[in-house]
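Colleague: Please take a close look at the contact between the two chains. I would like one connected account of that part, with whatever local geometry is worth noting beside it.

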Amino acid sequence: MTISPELRSEIEYLVNCYALAIDDGELERWPEFFASDCLYKIIAKENFDSGLPLGLLLCDSQGMLQDRMEAFSKLNVFGPRSWRHMLGAVHATGSEAEIVARTSFVIFETLAGKDTHILCAGEYRDIIIREDGMLKFRERLCVYDTTMIPNSIVRPI
Amino acid sequence: MGEALLSWPDGNDRVPYWIYTDQGNYERELEKIFYGPVWNYVGLECEIPNSGDFKRTQIGDQSIIVVRDAEGGVNALVNRCAHRGVKLCEQDKGSFSEIMCPYHQWTYDLKGNLQGVPFHRGVKGNGGMPADFSMADNGLDVLKVHVRNGGIFATMSDETPSFESCMGERILGYYDRELDGRTLSLLGHSRQRIGANWKLMLENIKDTHHASLLHVFFVTFGLFRVDNDSRVEMDDTGLHTALSSIRGKQELNDGTAQMRSFDSDLALNDPNLLDVVREFPGDETVVMQTLWPNVILQQQSNTLATRQIVPKGPNAFELHWTFFGYEDDDEEMTARRLRQANLMGPAGLVSMDDGQILERTQEGILAHPDEQGVVELGGRDTDDADHMVTEVALRAFYKGYRKVMGL
């Protein structure tokens, strides 16, 4: 199967908009990027490679995405910071019905009054489908290489 | 730092800040605590189920290989070649049948015995090791290991009393409640580095009442809150603590009314997260154990984990989380444990707050080694309590710490 240039740019648009929404702090938009039946998981590469299921963060429904979003926005306690997702080129295969995409990412985190550091590096492993005319993530695995997370991850990645 | 600073104020209700920041004190802690007569947690048997399986871990500043040998025994070996000091193992985990140093190919068996030295007898009559070179005397440094119900502990000291007598009957009771002899199944790891002194992590778990104030999520859903039926119990040294508690309701009462973080209207869109089933004897829904010196063994609802504390100098530590279940868990139970794991770890709905606040604590005290913290909630004694509105476990902890450190 090949991915047409039009579909490719649509996929890139989705992947880009997702990262921008988070970096811009528009967390309330985060669940919208997912299909109604969805899985979002941040998982350490050491677990992923060993077939261990534990995620750093796991949402397996739209409701859980909403709950997480509200926790990040209102409930959790953390200092002010900026995030910057740097994305690699999107590698997309599969078909219009089910797109399989992989994209490298690095997240730079800048805490108020401190040096910018790398929060984590890894890759998105996505399954993308079309729902109500829009591309959505049915599955988004964020597989991170970083051995030691510097303190905490206080937003979705 | 002047000598005057390195003294302890009178009483158990003040903690001097230099113990969190002083490099000399940190080095004494390595010697007296981590390399001393204690049982350091080094892992779970389910991480190395088969012969040859190993994991790399750390005790204090030292790198340690924990490996299962051909006979099924568990060994803990210092990760340093006996020849020239090369770090033998770089992988975090894996499997091997022998340990070979890549530099000059000294080879050890999985018990740490030296098995082979290239050119031992020389080449064409030249060189070789002296005739009296002893293979037996040049093995790896081997630690004493104790395994109890799937938990692996190691000690560097010959003076360490038995694991059972170090823990005491009461703490062992809680330990055996969670690690009850069933085979454990490994769910995965997460690891984070927190810019705070290692003792602050133990304190965080011993400090029962912060959960009612800092953690909105806990507070609102009653998972761990001062108005819950609770107990704080210590061993005779005060160094180990078991906190146990029974989940409360989402209701306004004289406890929750004093918590600014309580929100009686908060509801989960997907209540599956808190689909908790009872699986242990007794009514307790949370048991948090801090086992001296380096591990937290925890049950919060159906999420089970160890948190290994690896100190990194006075101003930082790593937290290595291992989440597990039991071999006889069905699919539904495993899914439940994985969902509830959202509460914990570096992005935990609850423990995220702790990582942040511990670093802020370190930043707050860094420039003030001569000041001291107040631990007077619940009185000035060090006795067990049948409620959570107390800092008694901190007072008991520092009573024990002072004795170990000779302070």
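**The interface of chain B and chain A**

Modeller: Across the interface of chain B and chain A, four salt bridges are found. This is a predicted model, and every value below is computed from it. One of the pairs joined by a salt bridge is B:E363 with A:K114, where the closest N and O atoms are 2.3 Å apart. Polar contacts across the interface of chain B and chain A amount to 25 residue pairs, both residues being at pLDDT 80 or more.

On the side of chain B that touches chain A, at least two residues each come from β12 (184-194), α6 (216-221), β18 (317-326), α7 (331-340) and α8 (351-365). Of these elements, β12(B) gives the largest share of that side, nine residues.

As for extent, the contact takes 37 residues from chain B and 36 residues from chain A. The area buried between chain B and chain A is about 3,200 Å², and carbon and sulfur atoms give 54% of it. Within chain B, the residues that lose the most area to chain A are B:R191, B:M352 and B:Q356, which together make up 18% of what that side buries.

The residues B:M333, B:R336, B:R337, B:L338, B:R339 and B:Q340 of α7(B) are buried. These buried residues pack against elements of both chains: β2 and α3 of chain A, together with β12, β16 (295-300), β17 (303-311) and β18 of chain B.

A:S61 is placed in the loop between β2 (57-59) and α3 (62-75) of chain A. With neighbours within four places in sequence left aside, A:S61 is in contact with A:C38 and B:D270. A:S61 counts as buried because its relative accessible area is 16%, and the cut-off for buried is under 20%.

Elsewhere in chain B, helix α5 (residues 198-206) is largely enclosed by the rest of the structure, because nine of its nine residues are buried.

A few backbone features deserve a note. Most residues other than glycine have a negative phi, and most peptide bonds are trans. The peptide bond from B:W292 to B:P293 is cis, with omega near 0°; B:P293 is in the loop between β15 (286-291) and β16 of chain B. A:D132, not a glycine, has a positive phi of about 50° and lies in the loop between β6 and β7 (134-144) of chain A. A:D132 is exposed, with a relative accessible area of 76%. B:K124 also has a positive phi of about 50° without being a glycine. B:K124 is in the loop between β9 (114-116) and β10 (142-148) of chain B, and its relative accessible area of 81% makes it exposed.

Lastly, the surface of chain A. A:M86, A:F108 and A:I118 make a nonpolar surface patch of about 270 Å². Of these, A:I118 is found in strand β6 (residues 116-131) of chain A. A:I118 is partly exposed, with a relative accessible area of 47%.

Notes:
Residues are numbered from 1 along each chain as its sequence is written. Chains are lettered from A and ligands numbered from 1 in the order in which they are written. This is a predicted model: local features need pLDDT of at least 70, side-chain atom pairs count only at pLDDT 80 or more; totals for chains, interfaces and linings use all residues. Side-chain values use heavy atoms; hydrogens and water are left out. Patches are made of residues with over 30% relative accessible area and no salt bridge: like charges are joined within 9 Å, nonpolar side chains (Val, Leu, Ile, Met, Phe, Trp, Tyr) within 5 Å. Accessible areas come from the Shrake-Rupley method with a 1.4 Å probe; for residues, only the protein chains shown count as cover. A salt bridge is a side-chain nitrogen of Lys or Arg within 4 Å of a carboxyl oxygen of Asp or Glu. Helices (H or I, at least four residues) and strands (E, at least two) are DSSP runs, numbered from the N terminus. Buried means under 20% relative accessible area, exposed over 50%, partly exposed in between (1.4 Å probe, protein chains only). Contact means heavy atoms within 4.5 Å. Buried area is the accessible area (1.4 Å probe) that two parts lose on being put together, summed over both. A polar contact is a pair of N or O atoms within 3.5 Å; within protein, one must be able to donate a hydrogen and the other to accept it, and residues adjacent in sequence count only if both atoms are side-chain atoms.
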